[in-house]
Amino acid sequence: MRASVIEETKSPKEEFSMSKAIPIFAILSLTCGVLLFVFIKSGLMSIEDSFSFANPFKLLVSSLIASIGLIVFGVVLTLITPTKFVDDTNKTYQNEPLFNIIIFMFLAVLFEEFLFRGIIQGYIFHTFNNYWAAIIGTTVLFTVYHFQYFKKPLMLFNLVVPAFVFCWIYFYSSNLLVPIATHFLMNVGMTLLFKYNLIKLKES
């Protein structure tokens with residue numbers, strides 16, 4: 001009897017809500033954007049290395065190729081990954097309204113790219129003057145930031161590969177807008193494929 005009472009009094013786990021997360025990520029994005037601006041103005045980072053528009057065609061093509069490649073990678077991994085190995089939060093993203101998905105994904109990507117590629121990767125490179133140290137160091141920190149996936153090792157693989165691509169393509173393009181666009185298109189693309197049942201998680 002006592003055990004059943006304890007079961008009934010346990011508070012249910014609160015589900016993730018994009019509408020609640022949107023203002024939080026808006027504030028985080030704005031904060032990191034301001035910090036990035038301060039870093040550039042103070043000379044810790046170069047505007048030419050962060051927002052270069054020397055070759056617009058290269059920026060567009062690299063964003064599209066990387067986005068499509070990562071979506072294909074995500075689809076293949078989805079088809080071979082049993083649902084029990086997928087984080088619960090990710091399973092609910094596609095149930096949100098389309099407007100919420102787009103706004104949330106955009107703000108979350110802005111925050112992560114400003115922080116990890118813009119500030120952290122830029123700072124590591126400025127400190128050590130080594131591209132690979134910046135790429136690997138930022139990829140590791142980006143993975144640690146998503147610590148909730150540590151219980152789902154296969155999801156870490158789905159995180160490390162895109163993170164590495166975002167870091168590499170930032171240096172390749174010398175424009176932070178490229179990893180932002182790539183990250184956003186990948187996230188939205190995968191979520192919409194799930195939302196409209198074009199792909200489904202593999203049954204356990």
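A crossing of two helices is called left-handed if the near helix is turned anticlockwise from the far one by less than a right angle.

**View 1. Packing of helix α2 against helix α6 in this predicted model.** The crossing of α2 and α6 is left-handed, and by class the contact between them has 21 nonpolar and five polar residues, with no charged residues. Helix α2 covers residues 18–41 and helix α6 covers residues 98–128, and the two pack at an angle of about 30° with their axes 8 Å apart. That angle makes α2 roughly parallel to α6, because angles under 35 degrees count as roughly parallel.

**View 2. The aromatic pair of Phe73 and Phe157.** Among the 14 aromatic pairs that the structure holds, Phe73 and Phe157 form one that is edge-to-face, at 5.6 Å centre to centre and with 65° between the planes. Phe73 lies in helix α4 (residues 56–80) and Phe157 in helix α8 (residues 153–173), so the pair ties together parts that are 84 residues apart in sequence. Phe157 counts as partly exposed, at 44% relative accessibility.

**View 3. The aromatic pair of Phe111 and Tyr145.** The ring centres of Phe111 and Tyr145 are 6.2 Å apart and their planes stand at 65°, so this pair is edge-to-face. Phe111 is buried, with a relative accessible area of 7%, whereas Tyr145 is partly exposed, at 30%. Both belong to one aromatic cluster that also includes Phe25, Phe104, Phe116 and Phe142.

**View 4. Charged side chains over aromatic rings.** Lys58 lies over the face of Tyr172, at 4.3 Å from the ring centre, and Arg117 lies over the face of Phe142, at 4.6 Å from the ring centre.

Terms used: Residues are numbered from 1 along each chain as its sequence is written. This is a predicted model: local features need pLDDT of at least 70, side-chain atom pairs count only at pLDDT 80 or more; totals for chains, interfaces and linings use all residues. Side-chain values use heavy atoms; hydrogens and water are left out. Axes are lines fitted to C-alpha atoms, for helices over the stretch in contact, and angles run from 0 to 180 degrees between N-to-C directions. Helices (H or I, at least four residues) and strands (E, at least two) are DSSP runs, numbered from the N terminus. Angles under 35 degrees count as roughly parallel, over 145 as roughly antiparallel, 65 to 115 as roughly perpendicular and the rest as oblique. Ala, Val, Leu, Ile, Met, Phe, Trp, Tyr, Cys and Pro count as nonpolar, Asp, Glu, Lys and Arg as charged, and the others, Gly among them, as polar. Rings of Phe, Tyr and Trp (its six-membered ring) pair if their centres lie within 6.5 Å; planes under 30 degrees apart count as stacked, over 60 as edge-to-face and the rest as tilted. Buried means under 20% relative accessible area, exposed over 50%, partly exposed in between (1.4 Å probe, protein chains only). A charge sits over a ring if NZ of Lys or CZ of Arg is within 6 Å of the ring centre and within 35 degrees of the ring normal.
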